[in-house]
Amino acid sequence: MLLAVAVAGAIGGVVEVLVLRRVYGREHLVQLLGTYAVSLIIAGAVRIVFGANYRTIVSPIPGHIDLGGYSYASYSLFMIGAAIAIGGGVWAMLYRTNLGRNIRAAVADPDLLNATGVNVTRLYTTVFMIGAALAGLGGSIVAPSQAVGSSIDTDVLVLAFAISVIGGLGSITGSAVGALIVGMVISFGLVIPATNPFALAFVFIIMTAVLIVRPRGLFGLPES
Amino acid sequence: MIRLLPRSRGDRVRWGVVLVLFLFAALIPPLAGLDENLNPDASSRFQIFLGTSALVLALWAISYNLMLGYTGMVSFAHAAYYGVGAYTVALIFKRYHLPILVGLAAAPFAAAVVGVVTGLVAQRAVRLYFSLLTLAISQLLFSLAFSWYDFTGGDNGISVTLPDQLSDYTTLYYFTAAIVGVCLLLMFLLVRSPFGAALLAIRENRQRAAAIGINVKVYELAIYTIASLFAGMAGGLFMLYQQQAYPEMLYWTANAQPVVVSLLGGTGTFLGPAVGAFIYVVLDNAVSKQFPYQFDIILGAIVLGVVLAVPGGISDAPTVFLRLRERFHRGEKAEAAPAESSGEAIRLFDVRKALATDAIQAEEVHPGQTLLQIDHLSRRFGGLRAVEDVSLEVKQGDRHAIIGPNGAGKSTLFNLITGQLKPTSGTVKFDGRDITGKAPHVIARTGIGRAFQITTIFPKLTVRQNLQFAMLAHAGYTVRPIGFANRIFYAEAQELAEAVGLGAWADLPAGQLSHGDQRAIEIAISLALGSKLVLLDEPTAGMSAYETDKAMELVRRLATERHLTLLFCEHDMSVVFSTARTVTVMHQGRVLTEGTPEQIRRDPDVQKVYLGELEQEELGA
């Protein structure tokens, strides 16, 4: 798991320096295509190294725990705990450290931050590495609970988009609440037979509604 | 006048390339047959099949580029309309047992209907949020196709067996080529039309487009719908040669294909994506055959290379070639057109000529009558009262200046008049009509032109096009989907460009001109609108003293001889006192006083405001 975090972080750093740095000033689409190309390359590399088949990983924490008459897989409980801990950790980093303060300042005005003597270029690299490392951490935690394949990227990405939008871009509370909403909608949608086939559709109906009624999301800051 | 041969060498090269492309496309089946005869391994049927797929991909990519290249909209839902087209053909044929051509005819319209409905929803947001909304819409449509087993066949998709007359590869190829050809021609005419000019204006500068009277949202919805119409056509054709429709066609990542293809070929040219499509298909086939698992990596590397190294795409190559050649021949051509401006345009300002220009329309005016009436206008931002209870009258034929220290609310007041901001309370009446809170493009069409404080021009369009498009929008021609925009008002725009000293640079992209020259374009655009009232927000900001004198001389004389009414704000007091007949002084969002320049000059309160001595309490009284 530590290896996953380190590798993801390192790849993130390399990608940021080699690719993203060159496209920051350009349109959204160019940035999007640059990262899309990188994801193609990484997915292709994964397929060559690990093969195209899905893999399953045996859960490192086997067994079940009884809570209030229901039985839960221990590993699921561990994932919930880990998610809360990581969310709290990110919040603490953003709001309780110098690095976090710089990140928030860079969002508001990178040029001004640069003028106060902060190396914004390096800050971006750091942030991108942290993000990539966290993604690696999330992936490695989730891996034992589901089949893993090289095409995992786009499904996760589109749900991540939905969660960020519903919760509000740039808000950790929002992301947590958004994730809860999306998770609940999918789970309940799948359980109820009448809605079963359209569980995913509901997520995107909610995403559409949020974007129309409140584009900044439930917890996002208003755009200046 | 119609010219048979393109005039410039660049045009000749471009049209030559286009001709070769079309010949190649027309000759693919015989060439494939020839190849099969010479080379026993080759299958002409497969190559013709590849050719068909390249044609369909070209149509799809160019339809995407209608939005991306001409309007700058990034949509994730375009693949969904492509999918809707394919499903329409499949469902009509399989479920309703109607001829396949009925389905093919219905496909673009089905896609357009879905496009206009979802486009209306997506339009509630702009830029990044617009893209995210299209992503949600695309995933919604995908989940429908994926999960609605009874109707769409769910994840299995639908497969169809074609009737005999279309099952022959060569026939299908020419059938597809004919439809694609007609679609390309229609799209080409559209982007060259005044309607296309409006789209370019929107891509270049939304704010300026609205300020010359273009209803940005309506035009964006129109091109969104038209693009989905052609995507539906492409999807229908896809269905024909693949004989199946499946839900992954609608998945959001499916949009990557037309985008990558457009990017490979170049988003800046009309046929660029078609070139990209052929390269993509050939590459896909060649690489997949030899390295089945590595296609993604190679594609990724190529996309990355293009993004980082050749942002213009492959079809930029002739331009690059020409530029290199010109550089090589530079010594021989001493009298080349000026490659860049040096800020001299304003010195070439020919005031007399400008006054005689018919391009600047003169309105009949009744001096002394009220043209613009502002009553108790207020605008608050949270607790900040940017404009507070401002009442103001601008008389026809007047030259009215608004002055005041920074933060006095001058620019906010202008934004309230021209609709960039909506007032919290109060009314604005122009020429007897209530225009309070109306959209900028509506206000521009009622006859208020505006030069912004920060230069807002269309940077990638030529200087002449900047003026031409403003004239097109003002004349209401931009609703026309036919006709060549570049030929309408050509002479008038050239005349105006020469009058403001920009004649020599008329063919240069406006963004390449120096700051002072761009200010001249800014002023010229507001004049090209032929407005009754021209608002100038610090017209001479950043100009040298000499440039300022020239610019203001033009503005002054235009106002007198062409009966333009001016409302301007300015920090340069010499400009104010030499130009204005009426001066309104604003301070902290309120009107402090109003009068002739002489009265204002002597007013002790005004002197205090500018010396910073006026206390808050005195104001409140």
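Biologist: Which strands of chain B form the open sheet, and in what order do they stand?

Modeller: In this predicted model, the open sheet of chain B has four strands in the order S4-S3-S6-S7, with antiparallel pairing. Strand S4 (384–395) and strand S7 (433–434) of chain B stand at the edges with a single partner strand each, so one side of each has no neighbour in the sheet.

Biologist: What makes strand S3 and strand S6 of chain B a pair?

Modeller: Two strands pair if at least two bridges are found between them, and strand S3 (residues 370–381) and strand S6 (residues 425–430) of chain B have five bridges, in the antiparallel sense. One of the residues concerned is B:Ile374, whose bridge partner in S6(B) is B:Val428. Helix H17 (residues 410–418) of chain B lies across S3, S4 and S6 of chain B, and runs at about 65° to S4(B).

Biologist: Why is strand S5 of chain B described as largely enclosed by the rest of the structure?

Modeller: A residue is buried if 20 or more other C-beta atoms lie within 10 Å of its own; five of the five residues of strand S5 (residues 399–403) of chain B are buried, and it is therefore largely enclosed. B:Arg399, B:Ala401 and B:Ile403 point one way from S5(B), while B:His400 and B:Ile402 point the other way. In a regular strand the side chains alternate between the two faces of the sheet.

Biologist: How do you know that the length of helix H2 of chain B agrees with its number of residues?

Modeller: At 1.5 Å a residue, the 28 residues of helix H2 (residues 44–71) of chain B should span 40 Å, and the end C-alpha atoms are 39 Å apart, which agrees.

Biologist: How many residues does each chain give to the contact?

Modeller: Chain A gives 34 residues and chain B gives 33 residues. On the side of chain A that touches chain B, H2(A) gives the most, with 15 residues, and the residues of that side divide into 27 nonpolar, five polar and two charged.

Definitions and conventions. Residues numbered from 1 in each chain as written. Chains lettered and ligands numbered in written order. Predicted model: local features only at pLDDT ≥ 70, side-chain atom pairs only at ≥ 80, totals over all residues. Contact = placed C-beta atoms within 7 Å. Helix = DSSP H or I, 4+ residues; strand = E, 2+ residues; numbered from the N terminus. Nonpolar A, V, L, I, M, F, W, Y, C, P; charged D, E, K, R; others polar. Axes fitted to C-alpha atoms, helices over the stretch in contact; angles between N-to-C directions. Expected span 1.5 Å × (residues − 1). Buried ≥ 20, exposed ≤ 12 C-beta atoms within 10 Å, placed from the backbone.
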